[in-house]
Amino acid sequence: MSESKQPRIGVFVCHCGVNIGGVVNVPEVVEYAMTLPNVAYAEENLYTCSSEGLSKLGEAIRKHELNRVVVASCTPRTHEPLFRGACEEVGLNKYLFHMANIREHCSWVHPKEPGRATEKAKEIVKMAVAKAALLEPQTEPEIEVQPSALVIGGGVSGMTTALSLANQNFDVHLIEIQDTLGGRLKDLYKLYPNDTLSSEVLEEYVQAVRSNPKIVVYTSSKVKHADGFIGNFKVTVNQEGKEETLDVGTIIVATGAEVLEPKGMYCYGERDNIITQLELERLMREKKLENPTNVVMIQCVGAREGKEGGRNYCSRICCAVAVKNALEIKEMFPNAEVSVLYRDMQTYGKDFEEQYSRAREKSVQFIRYDAKNPPQVTASPDAKCIVRVHDILINETLELEPDLVVLSTPLVQTEEAKELSKILKVPLGADGFFFEAHVKLRPVDFATDGIYVCGTAHSPKTIPESIAQAYAAASRASIPMAVKKVRTEAITSFVDENKCSGCGTCVKLCPYSAIQKDEHGIARVNDVLCKGCGVCAASCPEKAIGMRHFSDAQVLAEATASLGGRRK
Amino acid sequence: MTEFEPKIIGFLCNWCSYAGADLAGISRIQYPPNIRVVRVMCSGRIDPVIPLEVLINGADGVLILGCHPGDCHYAEGNLYEERKIKMLKRLLTLTGLEPERLRLEWVSASEGQRFANVVTEFTDQIKKLGPTPISTENPSQKILENLEAAKNAASGFRLRVLVGRERELTEKCNVYAEKIPQEQFDLLLEEVVKDEFTRQKIHLLTRYQPLSVKALAEATGLKPSSVLKQIVDMRRRNMIAVSDIKGTTPLYKALEVS
């Protein structure tokens with residue numbers, strides 16, 4: 001069946017029981033379709049999507065030598081794959097099929113105006129036929145996926161992902177920038193909500209990773225360079241000067257986060273007894289915390305700043321950390337006074353709120369301050385530390401004399417991750433954390449296929465949350481590796497090299513880094529990376545970029561078919 | 001006389017707005033049947049030339065619907081579209097066609113009601129504006145010609161490169177690590193839009209007959225000095241040439257631009 005010949009379009013108008021037929025005069029639409037240019041055949045079906053309807057569609061394609069098909073029925077978002085499949089069954093390329101939505105966009109929304117709905121349905125069919133006449137066959141190239149993964153970051157998220165993938169029998173390369181595995185877990189003392197010792201959890205994890213034959217661990221290592229696309233990444237890893245190139249099918253970013261060092265805030269750095277929560281954890285872990293009598297914790301230090309370009313996010317873990325550590329201090333030193341100066345206590349979820357209540361029972365003081373009027377810390381080298389805070393709940397300014405001030409600072413993105421974002425060409429959000437493909441629908445994918453993110457590299461989160469996300473990333477990465485191949489998008493852009501002036505506008509616009517300039521300075525589209533949004537084509541200064549399946553001519557043919565045409 | 005029923009073409013992105021329109025259907029929300037929907041993968045696919053072509057073909061209104069900022073399936077296609085439409089509205093203002101005939105809105109997949117509201121409201125607005133001057137009994141040749149000039153301007157390198165790079169220039173920085181303030185960029189854009197439109201207008205006017213600066217000044221409503229300034233630029237870009245000298249007055253004729 002030649003597809004390049006003069007179009008012979010078949011139009012199948014669906015009654016959808018009474019859903020369409022009850023409003024739109026379907027026989028009239030069929031009759032009208034027959035009058036449209038390039039239409040060789042038209043019929044009505046009670047349900048085009050039924051097995052009977054589909055076999056009639058196939059028969060008609062054969063019998064009438066149709067080389068383009070339009071089904072006027074419901075939304076392509078649900079039924080296009082079905083009709084495309086029916087076309088493919090009789091040897092018609094599925095991209096020679098087009099849908100006219102006369103249900104969701106017509107009969108269902110204009111039931112009170114059957115006359116106008118019928119007119120509208122006719123025009124929708126006319127538009128679809130106009131586009132169908134210009135449709136061209138497309139292919140979806142298939143590429144092999146190597147069943148091996150690179151996990152970047154050997155903290156709790158990275159180790160979880162690595163173990164999950166290794167247990168599914170995939171080869172895993174786990175790289176860690178420090179000389180030992182463990183990440184942030186190495187610094188922590190006890191983990192809330194059940195006060196497990198961090199060191200115990202860590203030991204178990206490291207043991208499992210080290211003893212797993214499918215996992216190769218590279219410590220003191222960094223990603224130097226990355227190339228390729230889903231299924232076939234080539235990543236150069238530098239381990240203490242020694243370079244190695246790994247061939248992997250997928251990449252998982254689990255680089256973690258750092259704790260903000262609050263330089264210049266609340267006299268931090270001026271005295272030894274003004275420390276961060278992380279430093280407090282280390283003291284407790286090493287049993288070096290010396291009998292404090294009065295402890296003041298200050299929340300939201302350098303977080304939720306609420307200013308342009310600031311750290312405006314909530315770091316999520318600090319409230320729970322403060323409550324946990326306050327309880328811990330009370331446990332160790334029952335006579336110590338502990339005050340938590342907060343803006344909003346956000347001990348969300350089922351366990352944190354209970355801990356908060358317990359802290360109140362143990363008479364930890366919670367003092368609410370206003371962000372506009374934060375606590376003042378004065379610390380002269382010889383005299384005591386003085387913290388002045390205006391409690392907005394009792395509208396009174398209090399003066400505290402702590403011998404230990406603990407600052408709750410947010411998690412922030414690491415410098416290395418910023419570098420990695422450039423190497424892998426995956427984006428960081430305004431807050432500096434890695435930016436997922438879709439906040440709701442694809443929370444652990446990057447927009448670039450085959451690269452995933454989990455843990456605090458993505459946003460501040462607790463250990464259970466990091467682990468859950470690590471499992472999610474591992475499961476997402478395992479799909480292409482288990483199937484061993486991926487079909488790439490047929491709807492992609494292409495460059496007319498005779499028109500391209502090499503200005504590079506498209507290179508900057510492409511969200512997938514799918515366009516690069518070749519050695520002659522001409523833009524080239526990598527079909528595997530392109531997702532077909534068409535932003536490049538719509539912006540190319542030389543109009544040198546075309547889109548498959550959504551060409552200017554096709555879009556315009558559909559858009560102008562129902563209009564009176566050019567008036568001159 | 002029957003009530004004017006406008007023809008509205010809607011370009012809906014596949015992931016949010018088209019799904020929003022589907023939801024309006026599933027929820028049986030009623031709205032006027034004037035809109036004809038064209039599905040595209042991303043609102044960012046809509047080249048500024050496309051709405052212009054649709055208006056030239058007699059549409060009374062063009063509605064472009066994309067995902068809310070941050071929700072775009074392709075990261076930021078919608079934000080790039082926003083820049084293109086901003087430029088296009090400036091261009092439309094120069095043609096004499098009401099820029100309100102073009103609108104960009106965000107509709108998510110869950111906003112069936114919002115889709116219906118936007119369509120209803122836009123249809124009402126176009127009804128108030130009346131039929132496009134292009135589809136009436138005596139179509140306005142002037143506006144049609146202006147729209148052609150606008151289309152050519154929107155097809156040209158200078159405007160496209162400026163719009164294509166706007167976010168990079170104003171939000172990130174250029175190759176010299178300078179960030180251009182938005183107000184400054186807008187002034188530049190306004191100037192380039194005017195320049196390009198005027199040049200294309202002069203080009204169209206001189207396509208069939210050679211014209212003097214004075215005649216062009218009358219036809220475009222510009223000062224002769226401004227026309228001459230554009231002609232100097234156009235000659236440098238091989239868009240126009242002196243074809244004849246009438247007395248002491250040079251007449252200019254458009255050259256075919258490849």
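1. Start with Ala72(A). In this predicted model, Ala72(A) touches Val11(A), Phe12(A), Val13(A), Cys14(A), Val29(A), Ala100(A), Ile102(A), Ala121(A), Ile124(A), Val125(A) and Ala128(A). That list leaves out residues up to four places away in sequence.

2. Ala72(A) belongs to the largest nonpolar core, which has 210 residues. Which residues touch the most other members of this core? They are Val11(A), Val70(A), Ala72(A), Val125(A), Val129(A) and Ile252(A). Two of these names, Val11(A) and Val125(A), are also on the contact list of Ala72(A). Helix α5 of chain A, residues 114-133, gives the most to the core, with 10 residues.

3. A separate core of 43 residues lies apart from the largest one. Its members include Met297(A), Cys319(A), Val321(A) and Ala359(A). As a general point, nonpolar side chains tend to be buried together in soluble globular proteins.

4. Next, the contact between the chains. 50 residues of chain A are in contact with 51 residues of chain B. On the chain A side, at least two residues each come from α3 (76-89), α4 (103-107), α5, α13 (505-509), α14 (535-539) and α15. By class, the chain A side divides into 22 nonpolar, 12 polar and 16 charged residues.

5. Helix α15 of chain A (residues 552-560) packs with helix α2 of chain B (residues 49-56) at an angle of about 35 degrees. Their axes are 10 Å apart. The crossing of α15(A) and α2(B) is right-handed.

6. Which residues make this helix contact? From α15(A) come Asp552(A), Val555(A), Leu556(A), Ala559(A) and Thr560(A). From α2(B) come Ile50(B), Glu53(B) and Val54(B). The contact has 5 nonpolar, 1 polar and 2 charged residues.

7. Chain B has 258 residues, and 50% of them count as buried. The chain holds 10 helices and 6 strands. Its C-alpha atoms fill a box of roughly 70 × 60 × 30 Å along the principal axes. Among contacts in chain B between residues at least 6 apart in sequence, 72% join residues at least 24 apart.

8. Last, confidence. Chain B averages a pLDDT of 93, and 99% of its residues score at least 70. The model scores ipTM 0.95 and pTM 0.77.

Conventions: Residues numbered from 1 in each chain as written. Chains lettered and ligands numbered in written order. Predicted model: local features only at pLDDT ≥ 70, side-chain atom pairs only at ≥ 80, totals over all residues. pLDDT = per-residue confidence, 0-100. Axes fitted to C-alpha atoms, helices over the stretch in contact; angles between N-to-C directions. Helix = DSSP H or I, 4+ residues; strand = E, 2+ residues; numbered from the N terminus. Left-handed = near helix turned anticlockwise from the far one by under 90°. Contact = placed C-beta atoms within 7 Å. Nonpolar A, V, L, I, M, F, W, Y, C, P; charged D, E, K, R; others polar. Buried ≥ 20, exposed ≤ 12 C-beta atoms within 10 Å, placed from the backbone. Core = buried A, V, L, I, M, F, W, Y, C linked by C-beta atoms within 7 Å.
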